[in-house]
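Please have the picture open while I talk.

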Amino acid sequence: MKSARKYDLYGRVEKMEALWYALGTTGFTFFMTALGAAVVFFFRKDVSERFQNLFLGFAAGVMVAASVWSLLIPAMDQAKEAGGVGWIPAAGGFAAGGAFFLLLDHVIPHLHVLGEKPEGPRFHLGRSTMMILAVTLHNIPEGLAVGLSCALAAAEGTSSTAWTAALALGIGIGIQNFPEGAAISLPLKKEGISSRRAFCYGALSGIAEPIAGVLAVLIAEAVGAAMPWLLSFAAGAMVFVVAEELIPEANREKDSHMGTIGVMAGFAVMMILDVALG
């Protein structure tokens with residue numbers, strides 16, 4: 001009965017709980033992005049490249065750990081509980097998530113924070129706009145991951161460990177969003193944008209997470225039986241972002257140790273949060 005409940009469409013109560021969980025948790029991650037963007041009011045100069053590498057590496061480590069502990073492992077567990085083969089939805093959803101974001105990477109013009117050449121189709125967009133698009137694109141899978149975790153928690157009930165796992169995921173994503181907010185607002189200020197506008201753009205780059213989180217809950221409600229595939233899809237999307245953007249940018253310097261240390265630290269923090277709380 002327990003596994004059957006997971007795959008049924010949510011009732012009204014479970015749906016509202018899931019939506020509130022998703023809004024609250026992704027609201028926290030959005031707040032942390034805005035808090036990080038606010039450092040633009042206190043720093044007159046850009047953050048050194050070594051610290052940027054550390055921050056980017058930390059975000060990469062958090063996202064990889066979240067993909068494994070909070071998404072892929074629960075996806076395989078759910079598939080097994082439903083009588084299926086655990087690795088099939090895990091591998092299939094993972095591949096689909098990576099492929100989908102590979103497609104987005106080709107159809108949306110964007111410029112990575114430390115990048116020099118824009119990627120995607122050519123449009124007459126400013127550097128600042130393309131930088132915001134890049135960060136927004138990379139925030140979508142984070143919002144999906146948190147939203148799906150909240151949907152799973154609502155389906156299992158507030159007393160389950162799924163809620164604490166969703167909370168741990170939200171805390172981990174929120175922690176790495178702080179330097180991420182700074183990483184977008186400070187370069188925008190360096191481009192000549194006022195501190196106030198740089199803060200607004202940096203903060204708004206995180207709005208994709210609450211939107212994606214709510215959409216994830218609505219999708220989970222419509223196709224509850226596909227939850228293992230959805231969780232794995234979010235994992236594949238996050239790992240794609242890590243491999244495509246974060247790790248290469250964290251290792252731009254000849255001395256790549258700061259980026260590597262960041263990855264190790266981010267992975268350890270997210271792993272500890274997930275195991276301790278989930």
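Predicted model: local features only at pLDDT ≥ 70, side-chain atom pairs only at ≥ 80, totals over all residues.

Let me start with N177, whose place is in helix α6, helices here being DSSP runs of H or I with at least four residues, strands runs of E with at least two, both numbered from the N terminus. Residues are numbered from 1 along each chain as its sequence is written, and side-chain values use heavy atoms, with hydrogens and water left out.

Is N177 buried or exposed? N177 counts as buried, because its relative accessibility is 0%, where buried means under 20% relative accessible area, exposed over 50%, and partly exposed in between, with a 1.4 Å probe and protein chains only. Leaving aside neighbours within four places in sequence, N177 is in contact (heavy atoms within 4.5 Å) with T29, M32, T33, N139, E142 and E209.

E209, in turn, is among the buried residues of α8, as are P210, G213 and V217. Helix α8 covers residues 208-222, and its 15 residues reach 21 Å from first C-alpha to last, close to the 21 Å expected, the expected span being 1.5 Å times one less than the number of residues.

Returning to α6, which covers residues 161-190, its axis comes within 10 Å of that of α3, residues 49-81, and the two cross at roughly 150°; axes are lines fitted to C-alpha atoms, for helices over the stretch in contact, and angles run from 0 to 180 degrees between N-to-C directions. That crossing angle makes α3 roughly antiparallel to α6, a term used for angles over 145 degrees. In their contact, residues including F55, F58 and S70 in α3 meet residues of α6, among them L169, I173 and P179.

S149 is buried, with a relative accessible area of 7%.

Finally, the protein as a whole comes to 10 helices and zero strands, and 51% of its 278 residues count as buried. Among contacts between residues at least 6 apart in sequence, 82% join residues at least 24 apart.

Notes: Parallel < 35°, antiparallel > 145°, perpendicular 65-115°, else oblique.
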